[in-house]
Amino acid sequence: MEQYSLTAPNRKENVSMIRLMTSFVAAKMKFDIEAIEDLKVSVGEALNYHIEKTENFDIVIVEDDDFIEIQFHLGDFDHEEQNPLFDENLSKLILESLMDHVEFNPSNIVIRKKREQ
């Protein structure tokens, strides 16, 4: 099992970098292109959940034999300051439809995608 950690300033332009890093790890693990696209969309949704609400994005990507897991550490995220144009339920629905496992906690979001054998 390998882990990749990334801390980046919480800005919209850094979402692409995190999606690219996720794509790189998934491609290295031999995920097919459809699964990689699902991961990229899911990473974007999870990051939108707390864009500009914390100082940094703190991400851990876990590479396992059977799955890839991405952990989004929200830190001091204030749920009361949520953008009124952001639909949290829609975001959760998208994540749950694309990922095999989704966890929403006050301090983090965890998504996991199994690798097809």
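Colleague: At roughly what angle do the axes of helix α2 (residues 33-48) and helix α3 (residues 88-98) cross?

Modeller: Two packed helices are described by the angle between their axes and the distance between the axes. Here α2 and α3 cross at roughly 155°, with axes that come within 10 Å. Axes are lines fitted to C-alpha atoms over the stretch in contact, with angles from 0 to 180 degrees between N-to-C directions; helices are DSSP runs (H or I, at least four residues), numbered from the N terminus. α2 and α3 are therefore roughly antiparallel (over 145 degrees). Their crossing is left-handed (near helix turned anticlockwise from the far one by less than a right angle; clockwise is right-handed).

This is a predicted model: local features need pLDDT of at least 70, side-chain atom pairs 80 or more, while totals for chains, interfaces and linings use all residues. Residues are numbered from 1 along each chain as its sequence is written, and side-chain values use heavy atoms, without hydrogens and water.

Colleague: Which helix passes α2 in a right-handed crossing?

Modeller: That is α1. The axes of α1 (residues 13-28) and α2 come within 9 Å and cross at roughly 145°. In contact (heavy atoms within 4.5 Å) are V15, I18, R19, T22, S23, A26 and A27 of α1 with I36, L39, K40, V41, V43, G44 and L47 of α2.

Colleague: Over which rings do the charged ends of K92 and R112 sit?

Modeller: A charge counts if NZ of Lys or CZ of Arg is within 6 Å of the ring centre and within 35 degrees of the ring normal. K92 sits over F104, 4.9 Å from the ring centre; R112 sits over F67, at 4.8 Å.

Conventions:
Helices (H or I, at least four residues) and strands (E, at least two) are DSSP runs, numbered from the N terminus. Angles under 35 degrees count as roughly parallel, over 145 as roughly antiparallel, 65 to 115 as roughly perpendicular and the rest as oblique.
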